[in-house]
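Here is a short report on one protein model. Take a look at the sequence and structure first.

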Amino acid sequence: MQFTEARPIEPVHEDGSPPVTHLRPAAVLVPVVAREEALTVLLTRRTDHLHHHPGQISFPGGRVEETDVSAVMTALRETEEEIGLDPDCVELLGELPEYRTGTGFRITPVVGLVHPPFDLRLDSFEVAEAFEVPLAHFLDPARHQKHRAEYQGKMREYYAMPYGGYFIWGATAGILISLYRFLGERE
């Protein structure tokens, strides 16, 4: 599995709405861990007291800061701040299409292959836990669920991919769907 640049695929929107220009730029690392037995995806569970997306399963990442020269820099900086993953352990593979959220973010997903061994140091203010899920789980279309919920007076659809006791949904599941679609096009 290797790719070097973003593909010209339409951005995925949580609710199917047209692009919005007043969204806050952000970037996340989609860390695919190269375990001997199989590839996994490293995810985090956000702490319950955070203002944005408390308790949700997410990729490490966050808002673009003025000093960040690229989405890659944002994703790597935020990942190191949140979970202590050394950027030297990450082999950058490319970017997936931008993902726009109904909560006001324009996210650039940066995919990186993470080479063990590595040590994580979780920022206990932001991250309650970090865990890995087999990549194969997300690449199985039988695991892709569509849900509907009302948000701010509008009915919205979103993806979910439960795993064990974790409910992986929203932007995280949407980005995983984007990865699934990208990899499916490469076969």
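The sections below go from the whole chain to single residues.

## Ground rules

This is a predicted model, where local features need pLDDT of at least 70, side-chain atom pairs count only at pLDDT 80 or more, and totals for chains, interfaces and linings use all residues. Residues are numbered from 1 along each chain as its sequence is written, and side-chain values use heavy atoms, with hydrogens and water left out.

## The whole protein

The protein has three helices and 11 strands. Helices (H or I, at least four residues) and strands (E, at least two) are DSSP runs, numbered from the N terminus. Along the sequence, the pattern reads β-β-β-β-β-α-β-β-β-β-α-β-β-α.

Of the 187 residues, 45% count as buried. Buried means under 20% relative accessible area, exposed over 50%, and partly exposed in between (1.4 Å probe, protein chains only). A contact means heavy atoms within 4.5 Å. Among contacts between residues at least 6 apart in sequence, 64% join residues at least 24 apart.

## Val133 in strand E9

Strand E9 covers residues 127-134, and Val133 is found there. Val133 counts as buried because its relative accessibility is 0%. Which residues does Val133 contact, leaving aside its neighbours within four places in sequence? They are Thr40, Val41, Leu43, Phe138 and Tyr163.

Now compare sequence and space. Val133 and Leu39 are 94 residues apart along the chain, and their C-alpha atoms are separated by 8.7 Å.

## Rings and a charge

Rings of Phe, Tyr and Trp (its six-membered ring) pair if their centres lie within 6.5 Å; planes under 30 degrees apart count as stacked, over 60 as edge-to-face and the rest as tilted. By this rule there are two aromatic pairs. One of them joins Phe131 and Tyr166, and it is stacked: 3.8 Å centre to centre, with 5° between the planes. Phe131 lies in strand E9 and Tyr166 in the loop between strand E11 (154-160) and helix H3 (170-186), so the pair ties together parts 35 residues apart in sequence. Phe131 counts as buried, at 9% relative accessibility. Tyr166 counts as partly exposed, at 22%.

Elsewhere, Arg24 lies over the face of Phe105, at 4.2 Å from the ring centre. The rule asks for NZ of Lys or CZ of Arg within 6 Å of the ring centre and within 35 degrees of the ring normal.

## A stretch from the record

An unreviewed UniProt entry lists residues 163-183 as "transmembrane region". Such annotations may be inferred rather than shown by experiment. In the model, residues 163-183 are 67% helix and 0% strand, and the end C-alpha atoms are 21 Å apart.
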